[in-house]
Amino acid sequence: MSSLGYLAAVNVVIWIGLFAYLWRLDRRVSEKERSS
Amino acid sequence: MKVLKLLLLPYMAAVIGAAFLWPEPAKGFIGESSRIVFFHVPCAWASTLAFIVAAVYSAAFLWKGKPWYDDIAAAAVRIGLLFGVLTLITGSLFARVMWGSWWNWDPRESSYLLLVFLYSAYLFLRAAVEDPERRPRIAAAYALFAAVLMPFLTFVAPRVTASLHPQTVINPQGKILMDTPTRAVFFGAMAGFSALFFWLLSIDARAARLRRTGENLHRD
């Protein structure tokens with residue numbers, strides 16, 4: 001794999017991790033809103 | 001709304017992949033350094049958008065007095081600062097490659113750093129005022145003051161003297177100097193970062209409202 005391909009793959013993995021974190025955070029805030 | 005958030009996952013993954021693999025690197029730049037434009041400019045745009053949102057909701061708070069508007073304004077400043085710092089970091093990486101130094105006190109670097117300080121002061125101000133009745137009013141007034149300076153620091157000051165910074169999208173020629181793949185990825189990234197900003201804003205503002213109502217419960 002070229003170095004640009006490697007960088008693209010690493011950045012996409014970082015984005016997927018960030019997305020999963022935000023998704024969980026959003027869900028937790030929604031749950032708290034419902035229970036309060 | 002949930003579908004839009006879900007769509008952001010493949011959309012941004014595609015934008016990130018394309019930023020590295022689709023357009024050719026721009027001429028006149030060392031190596032692949034021009035690709036930073038797909039991250040650096042959208043970060044700067046997202047922070048500008050955030051500061052505009054902060055000003056609008058601060059004005060709305062002063063007018064209507066709804067605490068929810070203050071929650072949104074404060075969240076917008078926090079997220080605007082996050083994108084502002086990312087703009088400085090990505091700009092500094094580019095400066096190291098192109099100009100040989102992490103920081104050059106270029107007019108654009110300096111004015112952007114001042115902008116970050118200006119909005120950092122908003123957070124210090126909020127933290128310093130303990131009275132929960134006065135805090136949002138003082139913060140809203142400051143956000144409006146900062147909003148008057150923001151366009152000057154973002155658009156005017158960097159153009160007053162000669163700068164090392166490459167030509168921006170708003171340039172003297174009055175047209176976008178990009179080939180089709182670069183333009184597609186660039187505006188795709190601008191749209192993606194804008195969507196990401198609004199999602200972050202929604203999470204942070206709603207969390208701030210939960211904290212505030214929790215605080216009120218404790219006080220009562």
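Helices and strands here are DSSP runs numbered from the N terminus, with a helix needing at least four residues; by that count, Trp105(B) falls in the loop between helix 3 and helix 4 of chain B. Please keep in mind that this is a predicted model. Chain A has 1 helix and 0 strands, while chain B has 6 helices and 0 strands.

- Chain A has 36 residues, of which 3% count as buried.
- The C-alpha trace of chain A spans about 50 × 10 × 5 Å along its principal axes.
- In chain B the order of elements, starting at the N terminus, is α-α-α-α-α-α.
- The C-alpha atoms of chain B fill a box of roughly 65 × 45 × 30 Å, again taken along the principal axes.
- Of the 220 residues in chain B, 31% are buried.
- If you take the contacts in chain B with a separation of 6 or more, 77% of them join residues 24 or more positions apart.

**Where chain A meets chain B**

- The contact draws 16 residues from chain A and 14 residues from chain B.
- On the chain A side, the residues that touch chain B are 10 nonpolar, 3 polar and 3 charged.
- The crossing of helix 1 of chain A with helix 1 of chain B is right-handed.
- From helix 1 of chain A, the residues making this contact are Leu4(A), Gly5(A), Leu7(A), Ala8(A), Asn11(A), Val12(A), Trp15(A), Ile16(A) and Phe19(A).
- Helix 1 of chain B contributes Leu9(B), Met12(B), Ala13(B), Ile16(B), Gly17(B), Phe20(B) and Leu21(B).
- Sorted by class, the residues of this helix-to-helix contact are 13 nonpolar, 3 polar and no charged.

**Helix pairs inside chain B**

- Helix 2 (37-64) belongs to chain B, and its axis comes within 7 Å of that of helix 3 (residues 67-99) of chain B, with a crossing of roughly 160 degrees.
- That angle makes helix 2 of chain B roughly antiparallel to helix 3 of chain B.
- Helix 2 of chain B and helix 3 of chain B cross in a left-handed way.
- The contact of helix 2 of chain B with helix 3 of chain B involves 20 nonpolar, 8 polar and 2 charged residues.
- Further along, helix 4 (residues 107-128) of chain B packs against helix 5 of chain B at an angle of about 180 degrees, with the axes 9 Å apart.
- Helix 4 of chain B and helix 5 of chain B are therefore roughly antiparallel to each other as well.
- In the contact of helix 4 of chain B with helix 5 of chain B there are 18 nonpolar, 2 polar and 3 charged residues.

- Arg35(B) sits in the loop between helix 1 and helix 2 of chain B.
- The cut-off for a buried residue is 20 or more other C-beta atoms within 10 Å, so Arg35(B), with 22 C-beta neighbours inside 10 Å, counts as buried.
- Leaving aside residues up to four places away in sequence, Arg35(B) touches Ala19(B), Phe20(B) and Pro25(B).
- The C-alpha atoms of Arg35(B) and Phe20(B) are 6.9 Å apart in space, and the two residues are 15 residues apart in sequence.
- Phe20(B) is also among the residues that helix 1 of chain B brings to the contact with helix 1 of chain A.
- Phe145(B) lies in helix 5 (residues 134-160) of chain B.
- With 15 other C-beta atoms within 10 Å, Phe145(B) is partly exposed.
- Phe145(B) and Thr87(B) are 58 residues apart in sequence, and their C-alpha atoms are 22 Å apart in space.
- Trp105(B), in the loop between helix 3 and helix 4 of chain B, has a positive phi of about 50 degrees although it is not a glycine.
- Trp105(B) is exposed, as it has 9 other C-beta atoms within 10 Å.

Definitions and conventions. Residues are numbered from 1 along each chain as its sequence is written. Chains are lettered from A and ligands numbered from 1 in the order in which they are written. This is a predicted model: local features need pLDDT of at least 70, side-chain atom pairs count only at pLDDT 80 or more; totals for chains, interfaces and linings use all residues. A crossing is left-handed if the near helix is turned anticlockwise from the far one by less than a right angle, and right-handed if clockwise. Helices (H or I, at least four residues) and strands (E, at least two) are DSSP runs, numbered from the N terminus. Two residues are in contact if their C-beta atoms, placed from the backbone, lie within 7 Å. Ala, Val, Leu, Ile, Met, Phe, Trp, Tyr, Cys and Pro count as nonpolar, Asp, Glu, Lys and Arg as charged, and the others, Gly among them, as polar. A residue is buried if 20 or more other C-beta atoms lie within 10 Å of its own, exposed if 12 or fewer, and partly exposed in between; C-beta atoms are placed from the backbone. Axes are lines fitted to C-alpha atoms, for helices over the stretch in contact, and angles run from 0 to 180 degrees between N-to-C directions. Angles under 35 degrees count as roughly parallel, over 145 as roughly antiparallel, 65 to 115 as roughly perpendicular and the rest as oblique.
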